[in-house]
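Me: I would like to go through this model by question and answer, with the cut-offs spelled out.

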Amino acid sequence: MSHHPELAAPKVTVPYLQDLKARDQKIVMITAYNYPTARLADEAGVDLILVGDSLANTALGYDNTLPVTFEEMLIATQSVRRGTRRAMIVADLPFGTFQLNDEEAIRAAIRFVKEGGAEAVKIEGGRNRFALVRQLVENGIPVMGHIGLTPQSVLQMGGYKVQGKSLSAARRLLDDALSLETAGAFALVLEVIPTTLGRLVSEKITIPTIGIGAGVHTDGQVMVMSDMLGLNFGKSAKFVRQYADVKTVISEAVKQYAEDVRNQAYPATQESYEVPAATAEQIEKAIGVDENEIPYVIYAD
Ligand code: KIV
């Protein structure tokens, strides 16, 4: 039997996502950074798996997304690829791979596709990324844009704040969305903007919008998996809904294991290996400790 029962559903592609928007069907995206979580997400039937640069702060212990390297992201993408069959895999271009020049960015995107098995890349930024997005798309690499709160700009923003709150900021954000659509992006992440703006942008562009803290009207939603599993250590953002308490599950399990080891309650006989009694006796006789023999030299001070 297949381990991927949802394969009865069609493989997710760019036209498939476009079709979901046209039919008013919500798109489900979640982050994953390794084989088991990608496999579970894929088997649960999500449409998109994002190998987000949130890998940095959620799994690698960095303070924010800025330090994560392309190589770290590539390894995560490869692991996700091995666990995924139906969902479309999007890899985040990390900070530093697309700021210097477009050539470097295109090289990184090609490596994500060729070596990582990604099917699209995500890039933070608006109209300032128009030329890059256009070149990637012309070279056959689907691009997901990301506007609103862009965590790679945390130093400039001075924290993680709601974006697009004034009329001028809302206009700029809509212009960014239209520009990315014109450049050929196949979808846009809208992060932490007012619900009204999430709805307006989703109505005004023809490509799907995927919201995170952008209200209920976007064409889909994305969540960082560790946030929804309760596997994070800081204060959660307002938009996070916690669906499980995996932190407590892990903590309790590890505490119980430590107690069992210390009490010799683990391993039990059925968790151990043995040879037939006669062989055991033979081994014991041949190599068991002879009480008259000092098995190793004890060095005196
Ligand atoms: O890196 C990430 O997880 C993201 C999502 C928050 C959209 O970019």
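Reply: Buried means under 20% relative accessible area, exposed means over 50%, and partly exposed is in between, with a 1.4 Å probe and protein chains only. The model is predicted, so local features need pLDDT of at least 70 and side-chain atom pairs count only at pLDDT 80 or more, while totals for chains, interfaces and linings use all residues. Residues are numbered from 1 along each chain as its sequence is written, and side-chain values use heavy atoms, with hydrogens and water left out.

Me: Is Asp24 buried or exposed?
Reply: Asp24 is not a glycine, yet has a positive phi of about 60°. Asp24 sits in the loop between helix H1 (14–22) and strand E1 (27–31); helices (H or I, at least four residues) and strands (E, at least two) are DSSP runs numbered from the N terminus. Because its relative accessibility is 70%, Asp24 counts as exposed.

Me: Is Val192 buried or exposed?
Reply: Val192 also has a positive phi, about 45°, although it is not a glycine. Its place is the loop between E6 and H9. With a relative accessibility of 12%, Val192 counts as buried.

Me: Which residue follows H8, and what is its phi?
Reply: Helix H8 (residues 167–183) has 17 residues and reaches 24 Å from first C-alpha to last, close to the expected 24 Å. The expected span is 1.5 Å times one less than the number of residues. The residue after H8 is Gly184, whose phi is positive, near 115°.

Me: What covers the buried residues of H8?
Reply: The buried residues of H8 include Ala169, Ala170, Leu173, Leu174 and Ala177. In an α-helix there are 3.6 residues a turn, so residues three or four places apart point the same way. Contact means heavy atoms within 4.5 Å. The cover over the buried residues of H8 includes helix H6 (130–138), strand E5 (143–148), strand E6 (187–191) and helix H9 (195–204).

Me: What covers the buried residues of H4?
Reply: H4 has 14 residues and reaches 20 Å from its first C-alpha to its last, close to the 20 Å expected. Among its buried residues are Phe70, Met73, Leu74, Thr77 and Val80. The cover over the buried residues of H4 includes helix H2 (35–43), strand E2 (48–51), helix H3 (55–58), strand E3 (88–92) and H5.

Me: How many aromatic pairs are there, and why is the pair of Phe70 and Phe112 tilted?
Reply: Rings of Phe, Tyr and Trp (its six-membered ring) pair if their centres lie within 6.5 Å; planes under 30 degrees apart count as stacked, over 60 as edge-to-face and the rest as tilted. By this rule the count is 2 aromatic pairs. The ring centres of Phe70 and Phe112 are 4.8 Å apart and their planes are at 50°, so the pair is tilted.

Me: Where in the chain are Phe70 and Phe112?
Reply: Phe70 is buried at 9% relative accessibility, and Phe112 is buried at 0%. The pair links distant parts of the chain, 42 residues apart: Phe70 is in helix H4 (residues 70–83) and Phe112 is in helix H5 (residues 102–114).

Me: Which residue is joined to Tyr266 by a cis peptide bond?
Reply: Tyr266 is partly exposed, with a relative accessible area of 37%. Pro267 is found in the loop between helix H11 (246–262) and helix H12 (277–287). The cis bond, with omega about -5°, joins Tyr266 to Pro267.

Me: Which backbone oxygen lies 2.9 Å from a polar side-chain atom of Arg81?
Reply: Arg81 is found in helix H4 and is partly exposed, with a relative accessible area of 25%. Beyond its neighbours within four places in sequence, Arg81 is in contact with Ile89, Gly116, Gly117 and Glu119. A polar contact is a pair of N or O atoms within 3.5 Å; within protein, one must be able to donate a hydrogen and the other to accept it, and residues adjacent in sequence count only if both atoms are side-chain atoms. The backbone oxygen in question belongs to Gly117.

Me: Which side chain has an N or O atom 2.5 Å from an oxygen atom of the ligand?
Reply: The residues around the ligand, with a heavy atom within 4 Å of it, include Thr31, Gly52, Ser54, Asp92 and Lys122. A polar side-chain atom of Lys122 lies 2.9 Å from a ligand oxygen, and for Asp92 the distance is 3.2 Å. The side chain at 2.5 Å is that of Ser54.
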